[in-house]
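Open the structure in your viewer and keep the selection tool at hand. The tour goes stop by stop.

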Amino acid sequence: PDLMLTDMTMPGRSGIEFLKDVHALAPELPMLVLSMHDEMLYAERALRAGARGYLMKDAGSAKVLEVIRLVLSGQSYVSPQMSARLLDAMTGRRPRGSTSPIEKLSDREFEVFRLIGNGQSTKEIARALHLSPKTVDVHRGHIKEKLQLKDATSLIHHAVRWVETQATQSW
């Protein structure tokens, strides 16, 4: 293929892990993410995983075609707001406005957090991410530390609220 166009949400697997897998198999294949998920949380993760661009689904067909052409020509694309944020981070300046503590999570921790918010148990998360339950528990511990949550109940409540917020923002 000349280009892979994908979303972050897919049945039974993480979009970030999918991007990493495709990038490992075909590092020269340009990948563009077209998603409803908040660019501020997903774009940088997608780019680190091998995508060459991230575009919100509400961008419109003319913008989608423009970005496809950019990516096919070897360029990368994120929105001007995301570009400014990435440049601020690279130059050591703090991003404008508040940043989400969720951004502190590693890609794997982020996936575990999202699945917790979707109501999955440790065993279900382990099965979905092809990890041992003990590894999932270690990730849960790191998430609690990074988000300064005192116990598992707080983690579950926080994750569920976050997932619900993401769902309402997608509409």
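Buried means under 20% relative accessible area, exposed means over 50%, and partly exposed lies in between, with a 1.4 Å probe and protein chains only. This is a predicted model, in which local features need pLDDT of at least 70, side-chain atom pairs count only at pLDDT 80 or more, and totals for chains, interfaces and linings use all residues. Residues are numbered from 1 along each chain as its sequence is written, and side-chain values use heavy atoms, with hydrogens and water left out.

**Stop 1: an aromatic pair**

Select Tyr42 and Phe110. Are these two residues buried or exposed? Tyr42 is buried, and Phe110 is buried too. Rings of Phe, Tyr and Trp (its six-membered ring) pair if their centres lie within 6.5 Å; planes under 30 degrees apart are stacked, over 60 edge-to-face, and the rest tilted. Three aromatic pairs turn up in a search of the whole structure. In the pair of Tyr42 and Phe110, the centres are 5.1 Å apart and the planes stand at 75 degrees, which is edge-to-face. Tyr42 sits in helix α2 and Phe110 in helix α5, so the pair ties together parts 68 residues apart in sequence. Helices here are DSSP runs (H or I, at least four residues), numbered from the N terminus.

With Tyr42 and Phe110, they form one aromatic cluster.

**Stop 2: Met40**

Stay in helix α2, residues 39-49, and select Met40. Met40 is partly exposed because its relative accessibility is 26%. Which residues does Met40 contact, leaving aside neighbours within four places in sequence? They are Gln81, Met82, Arg85 and Glu103; contact means heavy atoms within 4.5 Å. Next, pick Ala62, 22 residues from Met40 along the chain. The C-alpha atoms of Met40 and Ala62 are separated by 22 Å.

**Stop 3: Asp107**

Jump to Asp107 in helix α5, residues 107-117. Asp107 counts as buried because its relative accessible area is 10%. Show its side chain. A polar contact is a pair of N or O atoms within 3.5 Å; within protein, one must be able to donate a hydrogen and the other to accept it, and residues adjacent in sequence count only if both atoms are side-chain atoms. The Asp107 side chain makes one of 2.9 Å with the side chain of Arg45. Another, of 3.4 Å, links the side chains of Asp107 and Lys20. Not counting residues up to four places away in sequence, Asp107 touches Ile16, Lys20, Arg45 and Arg48.

**Stop 4**

On α5, colour Arg108, Glu109, Val112, Phe113 and Ile116, which make the contact. On α7, the partners are Val136, His139, Arg140, His142, Ile143, Lys146 and Leu147.

**Stop 5: two loop residues**

Select His130, in the loop between α6 (122-129) and α7. Its phi is near 60 degrees, a positive value in a residue other than glycine. His130 is exposed because its relative accessibility is 71%.

Finish at Gln148, in the loop between α7 and α8 (152-170). Gln148 is not a glycine, yet it has a positive phi of about 55 degrees. At 72% relative accessibility, Gln148 counts as exposed.
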